[in-house]
Amino acid sequence: MDGALKVLQREINMTDEQLMDSFASGEESSFHILLTKWSQKLLRFIQKSIHREEVARELLQDTLVNIYRGKETWNSKENKFSNWVYTIARNVMIASTRSKRSKMEVLWIDEEEDRTSFSEDPVIKMALTRAIDSLPTHLSEAFKLTFIEGMDHNEAAAVARVSPDNMRARASRSRAALRDLVS
């Protein structure tokens, strides 16, 4: 027990670069110390760009996995640890944005013309239909009337028996809610 305590004491006093070198050499406890030191910093960094808590935490996990995998390419002579981990986190966020953008291409909404087109893939169509149906009833109705049926806000308002301004707001909220669901 004394030997393990001495190793832990030594690791706690090491720089981040030294801890990463130690981890790259096979000392798993060094990685756990880095996790303790860096998890909250990285989460705050990610949350500055990603405001949804659950998404930020997922991106943190992806970042930590990439740091773990990066032990193979880590080089303390070429990298400062803080720059290296923030670069990894930034790259994870960029990759996530690209992935989100590709998901949004499945459902294309022209903001100026209020038109919608769906992918022809039946599986994607079914998933989008479920997402639309999972919206609150008033938002689902607004989305279907304005974006799928192609009604203008006045026509859709008459069908839903609400004011055109209310329909405009519902249509906008439905579009935003649907984007959140597919992202």
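Is Phe23 buried or exposed? Phe23 is buried, with a relative accessible area of 0%. The report below places this residue in its setting, in a model that is predicted.

## Overall layout

The protein has nine helices and two strands. Read from the N terminus, its elements follow the order α-α-α-α-α-β-β-α-α-α-α. Of its 183 residues, 34% count as buried. Among contacts between residues at least 6 apart in sequence, 53% join residues at least 24 apart.

## Confidence

The mean pLDDT of the protein is 80, and 77% of the residues reach 70 or more. Confidence is highest in helix H3 (residues 28–47), at 92, and lowest in strand E1 (residues 107–110), at a mean of 45. The pLDDT is below 50 over residues 101–117, a stretch that has 32 contacts in the model beyond near neighbours in sequence.

## Helix H4

Helix H4 covers residues 53–69. At 1.5 Å a residue, its 17 residues should span 24 Å, and the end C-alpha atoms are 24 Å apart, so the two values agree. The buried residues in H4 include Ala56, Leu59, Leu60, Thr63, Leu64 and Ile67. Seen down the helix axis, the buried residues of H4 fall within an arc of 145°, so they line one face of the helix. An α-helix has 3.6 residues a turn, so residues three or four places apart point the same way. The exposed residues Glu58 and Arg69 are carried on the face of H4 turned away from its buried side.

Thr63 is part of this helix and is buried, with a relative accessible area of 0%. Leaving aside residues up to four places away in sequence, Thr63 touches Leu42, Ile46, Val85, Ile88, Ala89 and Val92.

## Aromatic pairs

How many aromatic pairs does the structure hold? The structure holds nine aromatic pairs. In one of them, the ring centres of Phe23 and Tyr68 are 5.1 Å apart and the planes stand at 55°, so the pair is tilted. Phe23 lies in helix H2 (residues 16–24) and Tyr68 in helix H4, so this pair ties together parts that are 45 residues apart in sequence. Phe23 is buried, whereas Tyr68 is partly exposed, with a relative accessible area of 32%.

Phe81 and Trp84 have ring centres 6.0 Å apart and planes at 45°, so this pair is tilted. Both residues lie in helix H5 (residues 81–104), three residues apart, which is about one turn of the helix. Phe81 and Trp84 are both buried. They also belong to one aromatic cluster, formed by Trp38, Phe45, Trp74, Phe81, Trp84 and Tyr86.

## Helix H7

What span should the 12 residues of helix H7 have at 1.5 Å a residue? They should span 16 Å, and the end C-alpha atoms of H7 (residues 137–148) are 15 Å apart, which agrees. Leu139, Ser140, Ala142, Phe143, Leu145, Thr146 and Phe147 are the buried residues of this helix. Just after H7, Gly150 takes a positive phi of about 80°.

Conventions
Residues numbered from 1 in each chain as written. Predicted model: local features only at pLDDT ≥ 70, side-chain atom pairs only at ≥ 80, totals over all residues. Heavy atoms only, no water. Helix = DSSP H or I, 4+ residues; strand = E, 2+ residues; numbered from the N terminus. Expected span 1.5 Å × (residues − 1). Buried < 20%, exposed > 50% of the residue type's maximum accessible area, 1.4 Å probe, protein only. Arc of directions from axis to C-beta. Phe/Tyr/Trp six-rings, centres within 6.5 Å; stacked < 30°, edge-to-face > 60°. pLDDT = per-residue confidence, 0-100. Contact = heavy atoms within 4.5 Å.
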